[in-house]
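Here are a few exercises to work through with the structure open beside you. Try each one yourself before you read its solution.

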Amino acid sequence: MDWQDRGFVIARFKHGESSLVVKLLTEAHGLHAGLVRGGTGRAGRAVYQIGNMVAATWRARLPDHLGNYRGELIRAHAAELLDSRRSLAGLAAAAALVDATLPEREPAGAVFDAFGVLLDRLATPEWASAYARFEVTLLAALGFGLDLASCAVTGETENLAFVSPRSGRAVSREGAGAYENRLFELPPFLIDPGESADPAEVAAALRLTGHFLSRQALAPAERQMPSARTRLYEAVLRLPSSSQAERP
């Protein structure tokens with residue numbers, strides 16, 4: 001059994017004296033693990049950094065075996081983000097969530113594409129909002145997509161300001177009524193891709209996606225929110241507001 005594919009390094013664990021077990025988010029084979037013999041050496045360390053894209057060959061005697069990886073570096077995303085702690089935090093959080101939520105060996109093309117888009121944007125000023133959008137895509141790929149097209153109460157498509165914590169559907173200000181304080185805030189940038197977002201709006205988006213990731217994806221598998229994702233949320237809370245950033 002063997003295949004060739006390209007994938008992003010999602011997780012790596014030492015195995016024995018000099019080998020690694022590496023999990024790749026591949027284009028055609030989903031989240032897939034394999035053994036890299038000699039992976040702890042200098043060459044292996046350079047290739048199998050979290051976030052790097054590699055051209056991988058996987059071989060095993062039987063389909064359900066762990067199998068072995070051989071990989072060549074395509075792009076060193078990890079090295080490109082070394083100058084920004086916040087960007088690295090975004091990378092670590094995204095990789096940890098993929099590892100914690102995606103079923104292994106099932107195609108996940110939408111998540112593969114979204115992960116690549118996120119890596120390209122982590123080095124830009126919009127890294128935080130790009131990360132939040134990634135979590136929305138991950139939720140949808142897991143079968144728990146948010147329905148932000150119209151109000152769950154009135155059916156209107158304008159003035160959508162909240163999301164129901166039970167259904168994941170948008171709610172307008174009129175539809176919220178007296179229940180506004182029980183709903184999650186819906187930041188405009190999650191509806192309109194062209195909208196920019198300030199740190200407070202990104203934090204609101206992460207509270208929203210974090211709720212559904214925990215309830216729908218992590219809790220049923222008896223898993224907790226990855227610590228890398230918790231640290232990212234705390235980093236977003238510490239970001240200066242737009243008004244503060246403009247002060248001399």
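**Exercise 1.** Work out whether arginine 75 is buried, partly exposed or exposed in this predicted model.

*Solution.* Start with the value: arginine 75 has a relative accessible area of 33%. Then hold it against the cut-offs: buried means under 20% and exposed over 50%. Because 33% falls in between, arginine 75 counts as partly exposed.

**Exercise 2.** Find the residues that form salt bridges with arginine 75.

*Solution.* Begin with glutamate 80: its salt bridge with arginine 75 has its closest N and O atoms 3.0 Å apart. Glutamate 80 is partly exposed, at 43%. Next comes aspartate 120, which also forms a salt bridge with arginine 75, with 3.0 Å between the closest N and O atoms. Now place that pair: arginine 75 sits in strand 5 and aspartate 120 in helix 4, so the bridge ties together parts 45 residues apart in sequence. Aspartate 120 is partly exposed too, with a relative accessible area of 44%.

**Exercise 3.** Say which residues have the most contacts inside the largest nonpolar core, and which element gives the core its largest share.

*Solution.* This core has 56 residues, and Val98, Leu102, Phe115 and Phe134 have the most contacts inside it. Several elements give two or more residues, including strand 1, helix 3 and helix 4. The largest share, nine residues, comes from helix 5. Finally, zoom in on phenylalanine 134: leaving out residues up to four places away in sequence, it touches Ala94, Val98, Val111, Ala114, Phe115 and Leu118.

Note on methods. Residues numbered from 1 in each chain as written. Predicted model: local features only at pLDDT ≥ 70, side-chain atom pairs only at ≥ 80, totals over all residues. Heavy atoms only, no water. Core = buried A, V, L, I, M, F, W, Y, C linked by side-chain atoms within 4.5 Å. Buried < 20%, exposed > 50% of the residue type's maximum accessible area, 1.4 Å probe, protein only. Helix = DSSP H or I, 4+ residues; strand = E, 2+ residues; numbered from the N terminus. Contact = heavy atoms within 4.5 Å. Salt bridge = Lys/Arg side-chain N within 4 Å of Asp/Glu carboxyl O.
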